[in-house]
Amino acid sequence: MPDLRHLHEDQQTNLIPGLNLNALGIFSTGLSVLPPATGPRGAHPGPFLCPSSHLGGLYGVLPASAIQCQHSSPEQEVVYLLIPTQAVGALIGKKGQHIKQLARFAGASIKIAPAENPGVTERMVMITGPPAAQFKAQGRIFGKLKEENFFTAKDEVKLETHIKVPSNAAGRVIGKGGKTVNELQNLTSAEVIVPRDQTPDENDEVFVKISGHFFASQSAQRKIREIIQQVKQQEQKHQQQGAPSMHHSK
């Protein structure tokens with residue numbers, strides 16, 4: 001297993017090439033190195049494991065840059081970030097100014113789901129944008145929660161993130177006997193859960209849950225996206241190999 005003490009130093013290059021974290025001003029104080037992976041936490045039942053049609057009630061802001069490329073760019077990613085309910089006001093800001101500034105800064109769409117009932121302890125933030133925008137938006141949100149003291153000074157901000165993966169790639173994320181997901185957790189120090197018995201949504205996708213601090217979560221997200229791309233490339237390769245035989249079957 002690679003030495004995690006050096007992983008922090010290479011995070012910016014590995015996650016988003018050419019992106020300078022210090023220049024972004026995401027955090028007011030330095031981040032600690034990756035902590036040891038935590039033990040498995042109970043699967044979050046959550047009301048958010050649902051088809052995307054449920055997101056129609058979201059409110060937030062969609063910057064012009066995201067509107068222009070939301071449907072045209074293959075790099076667009078959707079991430080669902082769960083934050084403490086009491087932090088929603090600070091994230092939105094007075095008259096929505098903070099969330100608007102954050103969306104412009106990151107170049108992403110950032111929307112917050114309304115509470116389904118008064119007793120919910122977490123709210124879902126849906127972030128839509130390319131990898132660099134995801135990095136900046138999520139980094140600022142983690143930093144805001146730290147800045148507003150929703151976590152104690154000694155505690156690293158740890159949040160749960162959900163990303164959708166094609167159902168046929170979920171097995172690859174898990175690996176034989178859970179080998180891949182275990183290696184992923186050891187490498188990134190994030191907790192990664194692929195809930196079993198999920199019913200794929202209308203796009204034949206299922207959720208993967210990632211829990212951890214900012215760098216751990218980002219690392220896990222990138223690694224899982226890489227697995228998804230590998231599965232897609234293999235499918236395309238098989239389709240291309242199968243095409244010639246169809247032409248000669250006359």
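D155 sits in the loop between α6 and β5 (159-166), where helices (H or I, at least four residues) and strands (E, at least two) are DSSP runs numbered from the N terminus. The model is a predicted one, so local features need pLDDT of at least 70 and side-chain atom pairs count only at pLDDT 80 or more, while totals for chains, interfaces and linings use all residues. Residues are numbered from 1 along each chain as its sequence is written, and side-chain values use heavy atoms, with hydrogens and water left out.

With a relative accessible area of 40%, D155 is partly exposed; buried means under 20%, exposed over 50%, and partly exposed in between (1.4 Å probe, protein chains only). D155 and H213 are 58 residues apart along the chain, with 9.9 Å between their C-alpha atoms.

Now to α6 itself. This helix covers residues 131-147, 17 residues in all, and spans 24 Å from first C-alpha to last, close to the 24 Å expected at 1.5 Å a residue (the expected span being 1.5 Å times one less than the number of residues). Most of α6 is covered, with 13 of its 17 residues buried. Just past the end of α6, N149 adopts a positive phi of about 65°.

Helix α5 (residues 97-106) packs against α6 at about 145°, the axes being 8 Å apart; axes are lines fitted to C-alpha atoms, for helices over the stretch in contact, and angles run from 0 to 180 degrees between N-to-C directions. On the α5 side, H98, L102, F105 and A106 meet A133, K136, A137, R140, I141 and K144 of α6, contact meaning heavy atoms within 4.5 Å. The residues of this contact split into six nonpolar, one polar and three charged (Ala, Val, Leu, Ile, Met, Phe, Trp, Tyr, Cys and Pro count as nonpolar, Asp, Glu, Lys and Arg as charged, and the others, Gly among them, as polar).

As for aromatics, the whole structure holds four pairs, where rings of Phe, Tyr and Trp (its six-membered ring) pair if their centres lie within 6.5 Å, and planes under 30 degrees apart count as stacked, over 60 as edge-to-face and the rest as tilted. Y80 and F207 make an edge-to-face pair, 5.4 Å centre to centre with 70° between the planes. That pair joins distant parts of the chain, Y80 in strand β2 (residues 77-84) and F207 in strand β7 (residues 205-212), 127 residues apart. Y80 is buried at 4% relative accessible area, and F207 is buried at 5%. The F214 and F215 rings have centres 5.4 Å apart and planes at 45°, so this pair is tilted.
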